[in-house]
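Thanks for coming. I will go through some backbone details and then the packing.

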Amino acid sequence: MWDVTDRIFLGASRKPDDSFQEHEFMALRYANRHGLITGATGTGKTVSLQILAESFSNAGVPVFCADVKGDLSGIAAKGEAKDFLLARAETIKLDPYEFQEFPVIFWDLFGKKGHPIRTTISEMGPLLLSRLMNLSDAQEGILNIAFEIADDEGLLLLDLKDLRSLLVHLGENAKEISVRYGNIHSSSLGAIQRSLLVLEREGADFFFGEPALQISDLMRTTRDGLGAINVLAADKLMMNPRLYATFLLWLLSELFEELPEVGDPEKPKLVFFFDEAHLLFDEAPKILIERVEQVVRLIRSKGVGVFFVTQNPLDVPDTVLSQLGNRVQHALRAYTPREQKAVKVAAETFRPNPEFDCYEAITQLGVGEALVSTLEKKGVPGIVQRTLIRPPSSRLGPLKDDERAEIMKLSPVAGRYDETVDRESASEMLAEKAKKTAEVAERERLREEEEEREETGSRWTLPDLGDDDRKSRKSSSRKKSTKRRSNRQTVSEAAMKSLARSVSTQLGRALVRGILGGLKKALD
């Protein structure tokens, strides 16, 4: 039997006659083996997420979760004694049942209901960006060329204007670039630019830029040892499901790239809840699903537990589903053939309990009731139990606007991400390069015009006399001018290449892309 400090309380299982059987727990040391919370709308998934977040926080484990419906923010406020909560606590023998507020950091991609979250185009990488813009294979190929050129020339891609400037550069120099990197078709390039415009109108420009999110700010603990609960305001974000899913996948990949290997710790370093998980896999290309599977499989050794929250277990591919060791299955409906298949799949993933039939139980579960199976000693799945989930200690329902504002004001990251920083990057560097090229061309044009005026006005000539000498001198002058121009262009180009090498050396020394194509940050 595990010590209380090594596990979190989920609720109480019941006997066939609905009487109390025993308390059900999840072992902290196996929480990084990931989990799944499923169930139809209104069956209690959000409350299960809430009580898990509370328990992990009390155990000193930071949590990240998305507030899709807007009612998870109440976790920052102390709960209130209500009859149905007290009755649930008495039924499952939760004594004492204490109310508590939890340390919460609010985040919002749009900066309205939380601190802004930003990343750079380079850190997002071409694979996730292609997914976000729903690009074809040919268009994704051109985007990869753009990122390759940016890496080679030390061009920082921070925001959408940087990427747009780089695409313009590709279009203007398509012939030369195609020789080295591959064909660049104007139609595909135009399609990418149109997708960027749509992305910007949907609000993605809020997401790209600096200061970029520091992963360490998601892994805070309070002085009294509670883990911070990071709540992402996602009610507005859900209006763009592809941006929501891509953002969460990017964050997951950042955790994977930045955190060190820790093996199997006594408790997770962070628990990540991926709500509305079906959005991640809807119409996702095979390569992306393979990368997600790889991240989920490997991030366990970084001490990160990932819990997918969705309505239907069929929403998660089998290759990912097999990685999820802890299961909380709320009620499912079985009216249509697809729903019946979903119930069957859910039932078959549990280690059976001889006291009841899983298939029938899933269709008969009440609100706040779930089939629970967690990993036991040596990581073996426990026998599934019909469990009444414990009531939360924090508030059920959303915070008021003034309460949220007060919590944000006292946040440990207040002021750190609020103001956008626009430093010199690809847009400015390419503009400066174009400006210098134009200045060189203009100086050369003026020089040629001046030499032409000097040649025509420097001496008198008689008809048919001295023409050969004049033509010879003019030809010689043009050859010298051409030679000087060639030398000047060579020096200019050499200077630009030297600048690019310098930038590449200083800023791009660790231009290595991770498992999902994002730029891996240099670690000391």
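Where does Pro211 lie? Pro211 sits in the loop between helix 7 (186-201) and strand 7 (229-233). Keep in mind that this is a predicted model. The bond that joins Glu210 and Pro211 is a cis peptide bond, with omega about 5 degrees.

There is also a cis peptide bond from Asp95 to Pro96, with omega near 5 degrees. Pro96 is found in the loop between helix 2 (83-91) and strand 5 (104-108).

Next, positive phi values. His34 is not a glycine, yet its phi is positive, about 75 degrees. This residue belongs to the loop between strand 2 (20-27) and strand 3 (35-38). Is His34 buried or exposed? His34 counts as buried, because its relative accessibility is 1%, and the cut-off for buried is under 20%. Glu276, also a residue other than glycine, has a positive phi near 50 degrees. Glu276 lies in the loop between strand 8 (270-275) and helix 9 (278-281).

Now the packing. In soluble globular proteins, nonpolar side chains tend to be buried together. Here the largest nonpolar core has 89 residues. Those with the most contacts inside this core include Leu129, Phe208, Leu232 and Phe308. Which helix gives the most to the core? That is helix 8 (residues 241-258), with 11 residues.

Take Leu232 as an example. Leaving out residues up to four places away in sequence, Leu232 touches, among others, Phe64, Trp107, Ile117, Phe247 and Leu248. Asp67 and Asp108 are also among the residues that Leu232 touches. A second, separate core has 34 residues, including Ala31, Phe102, Phe106 and Phe307.

Definitions and conventions
Residues numbered from 1 in each chain as written. Predicted model: local features only at pLDDT ≥ 70, side-chain atom pairs only at ≥ 80, totals over all residues. Heavy atoms only, no water. Helix = DSSP H or I, 4+ residues; strand = E, 2+ residues; numbered from the N terminus. Buried < 20%, exposed > 50% of the residue type's maximum accessible area, 1.4 Å probe, protein only. Core = buried A, V, L, I, M, F, W, Y, C linked by side-chain atoms within 4.5 Å. Contact = heavy atoms within 4.5 Å.
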